[in-house]
Amino acid sequence: MNSFVDTHCHLDTYEEQTQESFESLWAKMEIKPEAMIQVACDPNEFEYAKIMSEKYDFIYAAYGIHPQYVDSYRPEHEELLKSYLDHPKAVACGEFGLDYHYGAESKEAQCLLFEKELKIGLQKRKPLVLHLREAEKDSLSILRNAPIQNHPIHVHCFTGTPAFAEALLNLSSNIYIGFTGIISFKNAENVREAAKIVPLERLLLETDAPYLAPVPFRGKAAHSGMIPLIAEHLAQVKNIAKEELLSLCRKNTRQCYHI
């Protein structure tokens with residue numbers, strides 16, 4: 001099997017939800033990734049990501065503040081984020097963005113935080129990992145007004161419409177769109193339709209572990225060893241062989257994250 005990378009996982013949350021250590025998970029994982037990106041999206045998670053990236057050669061880190069933490073955001077978090085992004089194994093700024101599914105009452109504050117983090121990520125010249133959920137209009141407005149020309153952006157865990165995917169791909173940056181186990185869900189036809197229009201050179205594979213395990217493991221804790229199964233479902237949508245999709249997504253990961 002071709003090598004693969006889990007471009008987005010939350011190992012600390014996996015450990016909390018399953019009461020299983022990463023060491024135990026890694027030992028029992030039948031198919032192992034070449035690399036993993038541990039995403040810290042709460043300032044309280046930054047140190048865990050740093051420690052894991054220093055302990056394991058194959059773990060990299062991304063740092064950002066998820067929109068769900070907008071109410072607890074403090075000005076000092078900005079300098080904290082900048083300091084962690086300077087770490088040698090920090091490969092991206094994120095995840096951050098907009099989530100109106102759970103945070104419709106905080107739209108204005110979310111937009112302000114989104115703009116701040118965009119500025120930080122661009123200043124640090126890091127790829128951006130964006131969480132954009134049920135906020136298509138505001139997401140596009142902010143991105144169109146930002147200096148993102150030719151900048152690598154990973155739109156994480158895509159759940160939007162084909163029209164939203166097309167609008168993102170038409171931006172002037174190097175947009176990559178990530179697909180998770182949702183691609184296998186029976187009620188996710190919109191995600192499969194969106195995946196059909198995403199060029200092969202713009203696809204990324206991710207688990208968002210421990211969330212969103214693909215069928216037939218839906219409802220269980222996802223882990224990075226499930227990437228080949230996600231690839232299998234995505235390859236069916238794109239009508240290509242799984243091995244070819246894995247190879248293309250590995251190349252895309254190098255282009256986006258330089259790992």
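Predicted model: local features only at pLDDT ≥ 70, side-chain atom pairs only at ≥ 80, totals over all residues.
Local features were taken at pLDDT of at least 70 and side-chain atom pairs only at pLDDT 80 or more, while totals for chains, interfaces and linings use all residues. Residues are numbered from 1 along each chain as its sequence is written, and side-chain values use heavy atoms, with hydrogens and water left out.

Helices (H or I, at least four residues) and strands (E, at least two) are DSSP runs, numbered from the N terminus. Buried here means under 20% relative accessible area, with exposed set at over 50% and partly exposed in between (1.4 Å probe, protein chains only). Two strands are taken to pair if DSSP finds at least two bridges between them. Strand S3 (residues 59-63) pairs with S4 in the parallel sense over three bridges, and Ala-62 stands opposite Ala-92 in S4. S4 also pairs with strand S5 (residues 128-133), again in the parallel sense, over six bridges. Within S5, Val-129 is the bridge partner of Gly-94.

S5 pairs in turn with S6, in the parallel sense and over three bridges; the bridge partner of Val-129 in S6 is His-154. From strand S6 (residues 152-155), Pro-152 and His-154 point one way and Ile-153 and Val-155 the other way, and all are buried. S6 and strand S7 (residues 174-179) form a parallel pair over four bridges, in which Val-155 has Ile-177 of S7 as its bridge partner.

Helices connect several of these strands. A crossover is called right-handed if, with the strands pointing away from the viewer, the path from the first strand over the helix to the second runs clockwise. The β-α-β crossover from S6 through helix H7 (residues 162-169) to S7 is right-handed. S4, helix H5 (residues 107-123) and S5 likewise make a right-handed β-α-β unit.

A cavity is a set of points where a 1.4 Å probe fits but cannot get out, and a pocket is an open set with protein on both sides within 12 Å along at least five of seven lines; lining residues have an atom within 4 Å of a point. Grid points are joined across faces, edges and corners, and a volume is the space filled by probe spheres set on the points. The largest pocket holds about 740 Å³ of space. It is lined by 32 residues, of which His-66, Asp-99, Tyr-102, His-131 and Arg-133 are the closest to its centre. S4 and S5 are the elements that give two or more residues to this lining, and the largest share, three residues, comes from S5. The lining of the largest pocket divides into 12 nonpolar, 11 polar and nine charged residues. In this division Ala, Val, Leu, Ile, Met, Phe, Trp, Tyr, Cys and Pro count as nonpolar, Asp, Glu, Lys and Arg as charged, and the others, Gly among them, as polar.

The second largest pocket has a volume of about 240 Å³. Helix H2 (22-28) and helix H9 (227-238) each supply at least two residues of its lining, which contains seven nonpolar, two polar and two charged residues. Residues lining this pocket include Leu-25, Phe-217 and Met-226.

One cavity of 30 Å³ or more was found in a search of the whole structure. Space of about 30 Å³ lies in the largest cavity, lined by Phe-4, Val-5, Leu-205, Leu-246, Cys-249, Arg-250 and Thr-253. Helix H10 (residues 242-257) gives the most to this lining, with four residues.

Aromatic pairs number 11. Rings of Phe, Tyr and Trp (its six-membered ring) pair if their centres lie within 6.5 Å; planes under 30 degrees apart count as stacked, over 60 as edge-to-face and the rest as tilted. Phe-22 and Trp-26 form a tilted pair, at 5.9 Å centre to centre and 35° between the planes. Both residues lie in helix H2, four residues apart, about one turn of the helix. The rings of Phe-46 and Tyr-63 have centres 5.5 Å apart and planes at 80°, so this pair is edge-to-face. It links distant parts of the chain, with Phe-46 in helix H3 (residues 46-55) and Tyr-63 in strand S3, 17 residues apart. Phe-46 and Tyr-63 are both buried. One aromatic cluster is formed by Phe-22, Trp-26, Tyr-56 and Phe-58.
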